[in-house]
Structure formats: structure tokens, C-alpha cells
Amino acid sequence: MGADAKTAMKVEMTDAAAKRIARIVSGEPGKTALRVSVEGGGCSGFSYKFDLVEARNDDDVAIEKDGATVLIDDLSLVYMGGSVIDFVDDLMGQSFQIRNPNAVASCGCGTSFSI
């Protein structure tokens, strides 16, 4: 795999997301990471799923920053390459948001997208 392909598959998280993930995981006994996956469905074709997990799977890619770990399986990474995971706290509420350059459309809730 060339350097461009590896860069395209990379997923990053912002400082705000890392801080929030570390805080959530520290309050959940036995949990070690936040798993982000892509599933078929949702109003735009694909949707993101967030789960707190205890262990890493063999096909997981781990993104680590400031004591926080995000796990993404190989299949989901295909759809999420180049994305940035962020945590937003604004007037609309608090939520994890994924800025995905592969998505050509998304829904108003921000958890569903199409490519």
C-alpha cells in the first residue's frame, strides 16, 4: 500500500473528542475504548454506531490520543478513511460528529450518510 493510500485510510480525532472519550471510558468499569463502526441503514444509506468496548478485535485499527482510544474495524475504515472524529458541545446539545470526506450526502441528525 502506497503512502497516499495509507493517508486516505487514516482517521483522526480532535482534542475535544479525545478528552470526552477518555472521560466517558474512565467512568465505565471494564471499558477501554470507544468503537466507531459503519452499518447499512439510516435515512441516507449508512449510519455510524458508537459502542464502549472492553477489548480490541484482531481486525481493529486503533486511534490513540491523550489517553483515549477509538477502535475501527477494517470494513468500517473503508468508508471512514480521511475522517475526523470530533466532539461538539453547542446550543443544539453535545454529540460526537464525524467529518467524513467520502460522504456525498448526510442527514440532519449527522449520524447517517451516503457515498
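Tyrosine 79 is partly exposed, with 24% relative accessible area. The model is predicted.

**Aromatic pairs**

Three aromatic pairs turn up in a search of the whole structure. One of them joins phenylalanine 46 and tyrosine 79 in a tilted arrangement. The ring centres are 4.8 Å apart, and the planes make an angle of 40 degrees. Phenylalanine 46 belongs to strand S3 (residues 46-53) and tyrosine 79 to helix H3 (residues 74-80), so this pair ties together parts 33 residues apart in sequence. Phenylalanine 46 is partly exposed, at 21% relative accessible area.

Another pair, phenylalanine 50 with phenylalanine 96, is stacked. Here the centre-to-centre distance is 6.0 Å, with 25 degrees between the planes. Stacked is the label because planes under 30 degrees apart count that way. Phenylalanine 50 lies in strand S3 and phenylalanine 96 in strand S7 (residues 93-99), so the pair ties together parts 46 residues apart in sequence.

Phenylalanine 96 has a relative accessible area of 18%. It counts as buried because that class covers values under 20%. Phenylalanine 50, at 29%, is partly exposed. Ring pairs also link Phe50, Phe87 and Phe96 into a cluster.

| Residue | Relative accessible area | Class |
|---|---|---|
| Phenylalanine 46 | 21% | partly exposed |
| Phenylalanine 50 | 29% | partly exposed |
| Tyrosine 79 | 24% | partly exposed |
| Phenylalanine 96 | 18% | buried |

**Strand S2 and its partners**

Strand S2 covers residues 33-40. Six of its eight residues are buried, so the rest of the structure largely encloses the strand. S2 and S3 run antiparallel and are joined by eight bridges. Alanine 33 has valine 53 in S3 as its bridge partner.

S2 also pairs with strand S5 (residues 68-73). These two run parallel, with two bridges between them. Arginine 35 has leucine 71 in S5 as its bridge partner.

Strand S3 is joined to S2 by bridges, and phenylalanine 50 in S3 pairs with phenylalanine 96 in S7.

**Confidence**

Mean pLDDT for the chain is 84. Of the residues, 81% reach 70 or more. Residues 1-7 stay under 50 throughout. For that stretch the model has one contact beyond four places in sequence. Where pLDDT is low, the predicted coordinates should not be read in detail.

Technical notes. Residues numbered from 1 in each chain as written. Predicted model: local features only at pLDDT ≥ 70, side-chain atom pairs only at ≥ 80, totals over all residues. Heavy atoms only, no water. Phe/Tyr/Trp six-rings, centres within 6.5 Å; stacked < 30°, edge-to-face > 60°. Helix = DSSP H or I, 4+ residues; strand = E, 2+ residues; numbered from the N terminus. Buried < 20%, exposed > 50% of the residue type's maximum accessible area, 1.4 Å probe, protein only. pLDDT = per-residue confidence, 0-100. Contact = heavy atoms within 4.5 Å. Pairing = 2+ DSSP bridges.
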